[in-house]
Structure formats: C-alpha cells, structure tokens
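Please open the model in the viewer and keep the selection panel at hand.

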Amino acid sequence: MNIDYREVGRRMAKRRKELGLKQYQVCEMIDVNYKYISNLETGRSAPSLEMLMDICTALKTTPNYLLLGTEVNISNDTLADKISRLDSKSKLLLNDIIDTIKKYE
C-alpha cells in the first residue's frame, strides 16, 4: 500500500480548517514548528507514527481519515484519543502488534 502524503496533507489542512484552527495553533498543540506543519500539509514531509497520533488528537480525527480518507464510526473516545493516552512502552507494543497484523493480511 502506498500512501499519498499530498492527500494526507490536504485532509489534514481540511480538518484543521473545519475546526477553525490556524497552523500555528496546531503547532502549539503538538509542540512542533510552523514550517513542519506547512511541510506536512503540502506533502513535503511525512509524519512519524507518534506524530500522526498527536496530529489526530489535536485535529479530533482518526488515522484512517488522514491516511485513507475514510471515517470510522467509533465512540466519542476515538482510537487516536486512546492511543495518545498510552505511555511510550505501550505505544511501542501497539506498534509491534500492528506490524504483526499487517504481516498476516
């Protein structure tokens, strides 16, 4: 599966605007500089998994929406919210679980 990071960036910018947020506000929420958000939104950079989860939390969306353009109906407590509250060790474990699942798809 190839991910089109320009599309990811477009969806990111669209969601940010839906929430009425400026780029600098998102930067403050996820503790990155303005240039980084700009690069993500134009597809010049790709976020790490941890950064993607932080962005999803800030933009109140899911990785499915940003990466694939699909919405997932889940409770108010989104998967991104749940993952963002995990400690670093648990996030690493979850990443390994996801990698294992992907091997068997």
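Begin by selecting arginine 11 and glutamate 7: both belong to helix α1, 4 residues apart, about one turn of the helix. Helices here are DSSP runs (H or I, at least four residues), numbered from the N terminus. The model is a predicted one, in which local features need pLDDT of at least 70 and side-chain atom pairs count only at pLDDT 80 or more, while totals for chains, interfaces and linings use all residues. Residues are numbered from 1 along each chain as its sequence is written, and side-chain values use heavy atoms, with hydrogens and water left out.

Display the side chains of arginine 11 and glutamate 7, which meet in a salt bridge at 3.8 Å, N to O. A salt bridge requires a side-chain nitrogen of Lys or Arg within 4 Å of a carboxyl oxygen of Asp or Glu. Arginine 11 is buried, at 14% relative accessible area, whereas glutamate 7 is partly exposed at 29%. Buried denotes under 20% relative accessible area, exposed over 50%, and partly exposed the range in between (1.4 Å probe, protein chains only).

Because arginine 10 and glutamate 7 are 3 residues apart in helix α1, about one helical turn separates them. Arginine 10 is partly exposed, at 48% relative accessibility.

Move along to glutamate 18 and arginine 15, which form a salt bridge with the closest N and O atoms 3.2 Å apart. Both lie in helix α1, 3 residues apart. Shared partners in salt bridges join Glu7, Arg10 and Arg11 into one network.

**Where α1 meets α3**

Now select helix α1 (residues 5-18) together with α3: the two pack at an angle of about 115°, with axes 7 Å apart. Axes are lines fitted to C-alpha atoms, for helices over the stretch in contact, and angles run from 0 to 180 degrees between N-to-C directions. On the α1 side, the contact (heavy atoms within 4.5 Å) is made by Tyr5, Gly9, Arg10, Met12, Ala13 and Arg16, and on the α3 side by Ile37, Leu40 and Glu41.

Remain in α3 (residues 34-41) and select asparagine 39. Asparagine 39 counts as buried, at 17% relative accessibility. Beyond its neighbours within four places in sequence, asparagine 39 is in contact with Arg44 and Ser45.

**Last stop: α7**

Finally, select isoleucine 101 in helix α7 (residues 88-103). Isoleucine 101 is partly exposed, with a relative accessible area of 49%.
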